[in-house]
Amino acid sequence: MDVKTLLLQQWANCLDKEDWFPPLEKVLEGITFEQAIWKPVDGDMNSIWELVCHLLFYEKRLLMRFLGETGNEPQAEDNEATFRLPSETFQNWKKTKQEYFYVHRELEKILAKSEHEDLYRQIPGERSLVLELKSLALHNAYHIGQIVFLCKMQGAWAGKRNF
């Protein structure tokens with residue numbers, strides 16, 4: 001299996017194809033606004049929505065840099081700021097999810113169309129596309145696990161997955 005095929009598979013596993021962990025699209029299916037903003041009383045944990053904002057920040061930044069649209073890339077003072085929510089409304093929760101799914105799929109399209117030399121070309125402010133997408137896929141898997149844990153803590157996780 002070549003690196004592009006492997007990376008496409010990992011990228012799909014993060015969004016809509018189950019492998020060793022559930023894909024984010026299925027995990028977020030049916031998560032209400034209240035569940036999205038919920039945080040445990042004890043401990044310093046991010047909410048589901050904050051985690052999705054964090055994932056969106058890094059994927060959107062890579063997409064904008066790859067497209068040469070650095071003026072449109074998201075900005076944050078530090079990593080902690082990438083978890084910040086927009087105004088807490090149901091519409092904004094829905095919009096965050098839709099934007100994340102869109103950006104993830106746009107990066108997948110770029111990967112699918114890339115020739116071998118494109119995979120290894122350095123992206124301004126980043127490493128190569130192949131290294132950045134590999135790192136983001138691992139980053140996504142880590143945070144998807146946190147989101148699943150938050151779902152389970154709220155009783156919002158089916159006892160037996162059907163996807």
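Just after helix α4, G68 takes a positive phi of about 75°. Helices here (H or I, at least four residues) are DSSP runs, numbered from the N terminus. This is a predicted model, in which local features need pLDDT of at least 70, side-chain atom pairs count only at pLDDT 80 or more, and totals for chains, interfaces and linings use all residues. Residues are numbered from 1 along each chain as its sequence is written, and side-chain values use heavy atoms, with hydrogens and water left out.

Now step back into α4 itself. The helix covers residues 48–66, which makes 19 residues. From first C-alpha to last, α4 reaches 27 Å, close to the 27 Å expected at 1.5 Å a residue. The expected span of a helix is 1.5 Å times one less than its number of residues. How many residues of α4 are buried? The count is 17 of its 19, so α4 is mostly covered. Buried means under 20% relative accessible area, exposed over 50%, and partly exposed in between (1.4 Å probe, protein chains only).

Start with E50, which is found in α4. E50 is buried, with a relative accessible area of 12%. Not counting residues up to four places away in sequence, E50 touches K39, M45, T82, F83 and L85. Contact means heavy atoms within 4.5 Å.

Next comes E59, also found in α4. Is E59 buried or exposed? At 0% relative accessibility, E59 counts as buried. Its contacts, not counting residues up to four places away in sequence, are W11, Y100, V103, H104, L107, L136 and N140. E59 and E132 are 73 residues apart in sequence, yet 9.4 Å apart in space, C-alpha to C-alpha.

Then there is L63, which lies in α4. L63 is buried, with a relative accessible area of 4%. Leaving aside neighbours within four places in sequence, L63 is in contact with V103, E106, L107 and I110. L63 and I123 are 60 residues apart in sequence and 9.8 Å apart in space, C-alpha to C-alpha.

P40 sits in the loop between α3 (33–37) and α4. P40 counts as buried, at 10% relative accessibility. Not counting residues up to four places away in sequence, P40 touches M45, L150 and M153. P40 and L150 are 110 residues apart in sequence, but 8.3 Å apart in space, C-alpha to C-alpha.

Next, the core. In soluble globular proteins, nonpolar side chains tend to be buried together. A nonpolar core is a set of buried Ala, Val, Leu, Ile, Met, Phe, Trp, Tyr and Cys residues joined through side-chain atoms within 4.5 Å. The largest such core here has 44 residues. Which of its residues touch the most other members? They are I48, W93 and I147. The elements that give two or more residues to this core are α1, α2 (24–28), α3, α4, α5 and α7 (129–154). Of these, α4 gives the most, with 13 residues. Look closely at I147. Leaving aside neighbours within four places in sequence, I147 is in contact with L24, V27, L28, I48, L51 and V52.

Helix α1 has 13 residues, which should span 18 Å at 1.5 Å a residue; its end C-alpha atoms are 19 Å apart, which agrees. In α1, L7, W11, A12, N13, C14 and L15 are buried. What covers them includes α2, α4, α5 and α7. Helix α5 has 24 residues and reaches 35 Å from its first C-alpha to its last, close to the 34 Å expected at 1.5 Å a residue. The buried residues of α5 include W93, T96, K97, Y100 and F101. The buried residues of α5 pack against α1, α2, α3, α4, α6 (116–120) and α7.

How do α1 and α5 meet? Two packed helices are described by the angle between their axes and the distance between the axes. Helix α1 (residues 3–15) and helix α5 (residues 90–113) pack at an angle of about 170°, with their axes 10 Å apart. Axes are lines fitted to C-alpha atoms, for helices over the stretch in contact, and angles run from 0 to 180 degrees between N-to-C directions. On the α1 side, the contact is made by K4, L7, L8, W11, A12, C14 and L15. On the α5 side, the residues include Y100, F101, H104 and R105.
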